[in-house]
Amino acid sequence: MSLGLIVLLPFFGALLPGLLVRAGRDTAAIGAGAVTLLAAIGVALNAPEVLRGGVVSQSLPWLPQAGLMASFRMDGLGLMFAGLILGIGLLIILYARHYLTKQDPFGKFLSFLMAFQGAMLGIVLSGNVLMLLVFWELTSLTSFLLIGYWRHLPEGRQGARMALGVTASGGLAMLAGLLILGHVAGSYEIADILAAGPAIRSSELYLPALILICIGAFAKSAQFPFHFWLPQAMAAPTPVSAYLHSATMVKAGLYLLARLWPVLSGREEWVWLVAGTGLLTMCIGAVVALFKDDLKGLLAYSTVSHLGLITFLFGLGTKAAAFAGVFHILNHALFKAALFLVAGIIDHAAHTRDLKRLGGLMRLMPLTFLLAGIGTLSMAGVPPFNGFLSKELMLEAALEAGHAFGPLIPVAAGLAAAFSVAYAGRFLIHGFFGPVRHDYPEYPHDPGPGLAISPLVLAGLAVAVGLMPEPIAGGLVRLASGAVTGAEIDTHIALWHGLTPALGVSMAALLGGAVILAAYRPLARGWAATPRPEARLIYGQIETGLRRGARALTAWLLNGALSRYLGVFLVVTLAAGVWALGGAPGPETRPMLAVPPGVAVFWALLVLGSACVVAFHRTRVLALVAVGIVGLMVSMAFVYLSAPDLALTQISVEVVTVILMLLALNFLPKRTPAPEGAGPRAWQMGAGVIATLTGLGAGALSYALMRRDFAFEPISDYHLANSVPGGGGANVVNVILVDFRGYDTFGEITVLGIAALVIYALTESLLGGPASRRLIAWTPDQARAGDRHPLMMVVASRVMMPIAVLVGVYIFLRGHNTPGGGFIAGLVMAIALLMQYMASGFAWAQARQKIYYHVLIGLGVLIAGFTGIASWAFDRPFLTSAFGHVHIPLLGDAEIASAMAFDLGVLLTVVGSVMLALASLSRIARRAGGEVLSGLPAPHDDDAEDRR
Amino acid sequence: MELIWEIAVSAFLVLAGIFALVGAWGLVKLPSPMTRLHAPTKATTLGVGGVLIASMIWSIGSHGVLSFHELLITLFLFLTAPITANFIAKANLHRAAPPEDLPTLPEGQLWAHQSPGTDTSEAAFEDKETHRGG
C-alpha cells in the first residue's frame, strides 16, 4: 500500500463514525477500527522492505515551485512509530467503546480520534519537513478537540486551550527553525537534510535553528518549562490521555529530536540544551509526580519525567544513548498506556481517582491489581519487566556521560530513578494495598472484557519484552535506532548484564525509592508547606496579559470611527506612494495636450461639484445632488475622450444610484449629525490635510502615469487587433466584456446577483425582527405631500415605458459592433422600470410585476453559464465564442455571435439585481406606512389589495 | 453650403443664444421661486429648440438629408420640461407656501399638494378616500 494512502486512510476513517454512529456505537467503533486495521496492514506490507534495511519512499509533486513535495518516507524509526500509533490506536478504540457512556457523543469522539491518528501518522511518515509541520499543527488542532471533548467541563476547555496554545506556538517556533534548516540544507526533503548534516553543524545558523526546533519539540513533548500543559490536559477522557500521552502526541517531539539527531547532535550546544533540559525535566517530573493524589495527575507528571528521560538520552549524543532512548520510547508507550487504562478502569469502577480515597483495591479488583502491578513495576524499573531494561541502559549512559560532564549527571539520574520508584510504588501501594474501605463513592469491581482486553494486551507485551527482549523487540529497536543514528547498531539487550555499576545505581534507586515512600507522610507535609512557582499560573497570567493587550490594541485601533480607519488607510497609502514614487519617476515621454476652453469649463464645473459635496455634505439631499452632478460631468468627460460605452454606462449607473440613494434617504436622517468624539479642532484639521494630500497624491500619480509611456507593451493593442477577427465585433469594449474576458464578466454578474440577493435577505430579516415594529411605528421626519403621483408624470412615464424598453433592446442588439451591450441595456431597462415605480407607486408597479426578480437574476446567470458550457459540445474550452452571418428575411444580413446569448444573461442579471434592490427598499417603505404606496387607481380590483 | 442656409442656421443659433441668455438671466434675477421657475423651463426650452432647428437646417443644407434625431430630442424636451416644472412648483408649494396664502377652497377640499393626513376630521378622511379614488 502506498504511504500516502496509509496516511490518508485515518482521515477518510474520520468521516465514517459520523455516518455509522446512527447504526449504533458498536458499528461506529468497528468502522473506525477497521480503517485503523487497514492502515496497520498497509504499514505491515511495507515492513519487509524496511526490515531489510531499506527506506520506503513516495513522492508526489504538490507545490514543486515552492519546494513542497507531498513526499512520504518510512524507515525503521517511522515503522516503529507507525506501529505504535496504529496498534495502540486500535486498543484505544476498543477501550473507549466501553469507557464512554451513552451520554457522550461517540461518533464525534471517534472522528476526532481518527483525525488525530491520521495527523500523527503524517508526522512520522512525512518525507518533507514542511509537510511534517502541517501534520504537526494538525495534531495540535485535533488534540485540542480531543482534550476538550467533554466541553461541558471548564477544566476540559481550559486544558484544551492551554495544550493548543503551548503546542501550536511551539510549532510556530519550529516552523522558523525548520525553514532555517531547509535554507542551509538547500532542500526541505528529510533525506536531503539528513545528508547535509556536516554543512548544517558548521553553519552559523546552527544555533538559532537548534533553539527554535527545540522549542517546538519541547513544547510538544512537555519538557520544562513547557511541561505544565500536559497535566492540565488530563481533563480529557482517559482513553484520550492514554493515547495522547503514552504513544502519540507527546512522542511527536521526541520523534522530531530522533529524526534530526544525525543533523543536529554532535555539537556541545546540543548536549547542553537537550540533555540538560531532559535531565531537569526528568527530576522535576519525578518529584512532583510523587505528591500528586490524582491517579491521572501522578501518571501525567510521571510521563513528563519519562519524556525528560528520553530527551536526556537523545541529548547525550552517543549511539548507545540513542539506542536506549528509542527502546524506552517503545517501553514507555506500553506500560504507560496500560497504566492510564488502569486508572480509567479504577475511575470507572470506584468513581474516584483520588489516592486518598482509594486503597485496598487488591481484593476487590484482583485483575486490575495484576495489570497495575505489571505497569507500575515496569515504570519503576524493577526486573524482569521491560522498564528495567531501558532504565539500565539509561543509567549506563548517564554514568558514561558522568565521565565527560561531571558526576552531577549520574547523581541526578539516580535521584530521578529513586523518585520514579517511589511514585510508582505509591500508585500501587496507596491504591491497592491496605484494608478494604467502606467509603468508596461507588463499590469497585473488576471490569468486563471490553475494558480489560486493551490493558491486558499492553501489560502482556510489557512482560514479554521484559522477559525476551531480543526476540521480540531487539531487531525493531536496532532498526529504529539505526535510522536515528544513521549507523549500524550492534547493541544487544539482555536481562542480565552482569554486575555493572548501572545495576548498582539501579539497586540503590530501588532502595532509595522504598525509603522515600516509607517517609511519604512527613515529605508530603513538607512539600505542601514549600512555596513553589506554578508554571500553569504563570502561563495563565501571560495569556491574560496578552489577551488584555490584544483587546486594548483592538479597541484602540478599531474604535468604530470609520474616519479613523480611512485615515490609517490613506496615510499608509500616501506613505507607500511617496516612498515608491517619491524619487524620480523617470523622464516625461508624452507631450502635454492642449486644453480647449470648453474642457477647462467642464473641469472647473467638476471641481466645483466636488467642492459642493464637501461643503454641503451635512445636508444629505444636497450632497446627493452634487454627487449626481459630478457623475454627469464624468460621463461628459468620457464622451469627450471618445469612450461612448463608458459614458452610457456612467450616465445610467448615475441615474440608478441617485434614485436608489434617494429611496434609502427617505428613511435616514436628512442631515448628517456631527460625529461624536471627532476630537479637537486640530484633529479635524489634520483629517482635512490627510484627505487633501491623498487627493493631490492620486492626482499626481495619474499625471505622472499619463505623461509617460507604459513600461510594458499594453494589452489594448492586442484587443484592438483581435476584436473583429477573433470576437466578431467592432465594439472592442463589448468584445472584451463578453469574449476576451468573458469569464471575468461571468464572475461579476454572479457577484452582482449575490449582492442583490443579500440586500433582499437583509431586508427580509429586517422586516422580521424588532426593526419591523419600529418601521410600523415610524413617522416621517418631514411633512408628506399629498399628491405623491401627479397625473402628468404618471401618464408620461407610462407612455415612455415601451419607448425606453425599445431603446434598451436597441442598445443591446447593436452592442457588439457599436456602443452599447448587455450591461448598459440592462441598466436602461431597469431605469424604464424604475420610472414606473417612481411615477405610479410601489404597489401599483409591484402588482403588475409578472416575473420575480430573483428569477431574472438566476435566469441571467444560468443563460450566461450555459452559453459558456455550450462550447464544450464543440470540444472547445469554456466560453469560447463563435459568430457567423445569417440572412434574415426582410431585415437582411445580420451577424449573430454566441456572445449575444452571454450578453443576454448579463442583461437579465443587471435588470434583476437593480430591481431587486429597489423592490427590497420599497418593501421597507410599504412596511413604514400605507401613504407611500398609495398609487393611482388601477383598472383592476387588486388595487384594493395594494392599498392594504 | 449656400449662403441662404448659412444665414438661416446662424439666425436660429443667435435666436437660441438669446433665449438661453434670457433664461439664465431670469434664473438669477427673478424674485421668487415660482417666477424663477419659468426662466429655465420656458426660455431654455426655446433656446435648445432653436439649436435643434439650426441643426436640422444645417443637415439639409450641407448633406441634403432630413434629420429626425432633433425631432426626437424636441419630443423628449417637451415631455420632461413641463413635468420638471410641475414637480418644482409642487415641491415649492409643499415646502414654502403657507396654507393661508393660498386661495380659499370650498369646505372640505384640499389643494392637491396638501397632505390629507394632517387633517383628522371625518370630512377630510372621506375626502382622502375620494381623493385617492379619483
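Predicted model: local features only at pLDDT ≥ 70, side-chain atom pairs only at ≥ 80, totals over all residues.
Modeller: Residues are numbered from 1 along each chain as its sequence is written, and chains are lettered from A and ligands numbered from 1 in the order in which they are written.

Biologist: Why is H1(B) called roughly antiparallel to H3(B)?

Modeller: The axes of helix H1 (residues 3–29) of chain B and helix H3 (residues 38–63) of chain B come within 8 Å and cross at roughly 165°. Angles under 35 degrees count as roughly parallel, over 145 as roughly antiparallel, 65 to 115 as roughly perpendicular and the rest as oblique, and therefore H1(B) is roughly antiparallel to H3(B).

Biologist: What makes H16(A) and H22(A) oblique to each other?

Modeller: The axes of helix H16 (residues 319–350) of chain A and helix H22 (residues 469–485) of chain A come within 9 Å and cross at roughly 125°, and they are therefore oblique to each other.

Biologist: Which residues of H16(A) and H22(A) meet?

Modeller: Among them are Phe323(A) and Phe327(A) in H16(A), and Val477(A) and Val484(A) in H22(A), where contact requires C-beta atoms, placed from the backbone, to lie within 7 Å. By class, this contact has nine nonpolar, two polar and one charged residues, with Ala, Val, Leu, Ile, Met, Phe, Trp, Tyr, Cys and Pro counted as nonpolar, Asp, Glu, Lys and Arg as charged, and the others, Gly among them, as polar.

Biologist: Why is H12(A) described as largely enclosed by the rest of the structure?

Modeller: Eleven of the eleven residues of helix H12 (residues 249–259) of chain A are buried, so the helix is largely enclosed. A residue is buried if 20 or more other C-beta atoms lie within 10 Å of its own, exposed if 12 or fewer, and partly exposed in between, with C-beta atoms placed from the backbone.

Biologist: How do you know whether Ala222(A) is buried or exposed?

Modeller: Ala222(A), in the loop between H9 and H10 of chain A, has 30 C-beta neighbours inside 10 Å and therefore counts as buried. Ser642(A), in the loop between helix H28 (620–640) and helix H29 (644–665) of chain A, has 8 other C-beta atoms within 10 Å and is therefore exposed.

Biologist: What is the phi of Ala222(A)?

Modeller: Phi of Ala222(A) is near 55°, a positive value in a residue other than glycine, whereas most residues other than glycine have a negative phi.

Terms used
Axes fitted to C-alpha atoms, helices over the stretch in contact; angles between N-to-C directions. Helix = DSSP H or I, 4+ residues; strand = E, 2+ residues; numbered from the N terminus. Contact = placed C-beta atoms within 7 Å.
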